[in-house]
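The sequence and the structure are shown first.

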Amino acid sequence: MASTLSHKLIADHLVGGDMTPGQEIALRMDQALLQDVLGTLVMLELDAMGLERVHTSPSVQYIDHTLVQQDNINADAHLFLKSACERLGVWYSGPGNGISHPVHMERFGVPGQSLVGCDSHTTAAGALGMLAIGAGGIEVAMAMAGEPLYLPMPEIIGVYLEGELPDWVSAKDIILELFRRHGVAGAKNCILEYHGPGLANLNAMDRHVLANMGTEMGATASVFPSDEVIRNFLIARDRESEWQPLHADPGCHYDRSERLDLSTLVPLIALPSSPDNVVPVAEAAGEPMYQAYIGSSGNPGFCDFAVVAEIVKGHSIADAVSLDINPSTRQVLAALIAEGHLGHLVSAGARLHQPGCNGCIGMGQAPAAGRNSLRTVPRNFPGRSGTREDSVFLCSPETAAASALKGVITDPRTLDMPYIRPREPARMAVNDLWFVPPMPPERARQTKLLATDNTPPLPPLDPLPTRIEAPILLKTGDNVSTDDIMPAGAQVLPLWSNVFASADYAFAALDPDYVRRAREHGETGHVIVGGNNYGQGSSRENAALVPRLLGLQVVIAKSFARIHWQNLPSFGVLPLTFADPGDHDRVLKAQTITIDDLPNQLSGDGKIMAHLDGEPLPLYHELSPRQIDILSAGGVINWLRHRPAKTKQVTF
């Protein structure tokens, strides 16, 4: 039977479950990716599990978020992570090497392998023909400990690309068009599998843009074939031996299909403050702009920077506009220097920043309040830029550069200059001296973790009670993101490894009084009610763990984003949905939710009968028996500790 490439990759890594959409499956993970702010929690979790050495290979720890060293906290964390890598057998990519996703693709990505990462944009590696999935840190820790990764079997959406991109239109416009059509939840629990003749004109890093930002549509993964384009990408990096051809079988069946003629696309832009608020740039043209930001994992390729250099070459950016250049990797920066592009950028008035996530996660380059910032980043959720009152637009490098020249939002097609679509240099070799390889086991066992005051051990969590009676402390609308739950930015992000300190900022943007009320109800616990797509965005597990430490027991929503839904029971929080979504309207803050006989209700058919101030409130859960066991134990770490020794590790 003809198979999609996604089905082939899943079948090659399947160790349990039925490949029927919606059924829980278990996948063997070959590789693991950690970024610093969430990798710290992963290392603490592995320490709590008592793991001697990781099983995924390679496992790579990247320093890319915490590059602003305004005090000692981030620098101390880097030393802690390096010691943890030495102790556990993990590669270490230090500050300055660049953003985890493009660096991993350059140096470690292998077509046909599976990858799990504690960052939602881990999906970017699908550009190479990998099965790459973002997950909560605790699930990544389990995979590194030799456990499978569990998730609902996705539907496969075939995205057929035909035609060729017009001048001034690039990969960012492709993914923005898909957002415009389907919204931020349009690919929830799905894999986006790209195929068709249009792929021939998309280089590997163009594909990275699409695979990276598929997560903004809720996609579990994005998958591309491993073809001659990918072979040439690896040849340029002296890694041709790791290439293999991978593709879907002719005539295979997709669960859903999408067709996109690239030749019909125009420059697009996502207005504040959601990636799916997309219109043609021509409709926003003329609006004033303050900042143009080039970089991030959303546009990390050499060509994304080179095209900006070609546009501004011989010109000066508009007065009072900040053109921020944030190279994605040390390798890309070196190539921009060697090819002369960096000089053109600097001469035009651009500001240069070190390779890393930086402004994308609110760590520097925060815009002035209320001023329009055009960014090539993956997300424009409110406040994510580091400025609470931000006004962030998502667009292509071409649109950002044209706007920086004119001082207003500008359709790049209106520029009086020829369009040059740059090509990557034929050689982009990676220097292994930039990485610290794993220590031999005998030396690793002698390494001690360099813990700091900001990396305290994780606190124990109580098992799920048999009865819950707790007040609703917070009610939200649709599309609440993990940025809303646990903010990033220069003030909070360095504290993420300290769940006690970061707790002060939980839900700060939505309800500044939430933490005080939660602490007042600490013994009784509390409930949060959400709308559709609750927990969208980042995979940050502290968005589940920190509220749990503040007493959160239950989240009731119309629907959940996949990763956050999986993170909640991993830390002992019960995720439930309304049997009737209309009941969301009758639920009020300060009302009391009661759920009796939880163990028996959870073991039934998914129906949960709760009461709202004494009145029946029918709810529903989609947890697997394994997740119910984890939830009942009070989270994954308790669950692992209490399992019989012979079942504590799966051997593949």
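Lys8 counts as partly exposed because its relative accessibility is 27%, a value that falls between the limits of 20% for buried and 50% for exposed. The model is predicted. The side chain of Lys8 meets that of Asp249 in a salt bridge, with 2.8 Å from N to O. Since Lys8 belongs to helix H1 (residues 5-13) and Asp249 to the loop between helix H8 (228-235) and strand S12 (256-261), the pair ties together parts that are 241 residues apart in sequence. Asp249 is likewise partly exposed, at a relative accessible area of 22%.

**Salt bridges**

The structure holds 32 salt bridges in total. Three of them are listed below.

| Pair | N to O distance |
|---|---|
| Lys8 and Asp249 | 2.8 Å |
| Arg231 and Glu228 | 3.5 Å |
| Asp324 and Arg351 | 3.7 Å |

Arg231 and Glu228 both lie in helix H8, three residues apart, which is about one turn of the helix. Arg231 is partly exposed at 27% relative accessibility, and Glu228 is partly exposed at 44%.

Asp324 and Arg351 form a salt bridge. Asp324 lies in strand S16 (residues 322-326) and Arg351 in strand S17 (residues 351-352), so this pair ties together parts that are 27 residues apart in sequence. Asp324 is buried, with a relative accessible area of 0%, whereas Arg351 is partly exposed at 45%.

Strand S3 (residues 31-35) is mostly covered, five of its five residues being buried. Gln31, Leu33 and Gln35 point one way from S3, while Ala32 and Leu34 point the other way. In a regular strand, side chains alternate between the two faces of the sheet.

S3 pairs in the parallel sense with strand S6 (residues 114-117) over three bridges, and Leu115 in S6 is the bridge partner of Gln31. S3 also pairs in the parallel sense with strand S4 (residues 59-62), over four bridges; here Leu34 stands opposite Gln61. From S3 the chain crosses through helix H2 (residues 36-49) to S4 in a right-handed β-α-β crossover.

S4 in turn pairs with strand S5 (residues 91-93) in the parallel sense over three bridges, with Trp91 in S5 as the bridge partner of Val60.

Definitions and conventions:
Residues numbered from 1 in each chain as written. Predicted model: local features only at pLDDT ≥ 70, side-chain atom pairs only at ≥ 80, totals over all residues. Heavy atoms only, no water. Buried < 20%, exposed > 50% of the residue type's maximum accessible area, 1.4 Å probe, protein only. Helix = DSSP H or I, 4+ residues; strand = E, 2+ residues; numbered from the N terminus. Pairing = 2+ DSSP bridges. Right-handed = clockwise from strand over helix to strand, strands pointing away. Salt bridge = Lys/Arg side-chain N within 4 Å of Asp/Glu carboxyl O.
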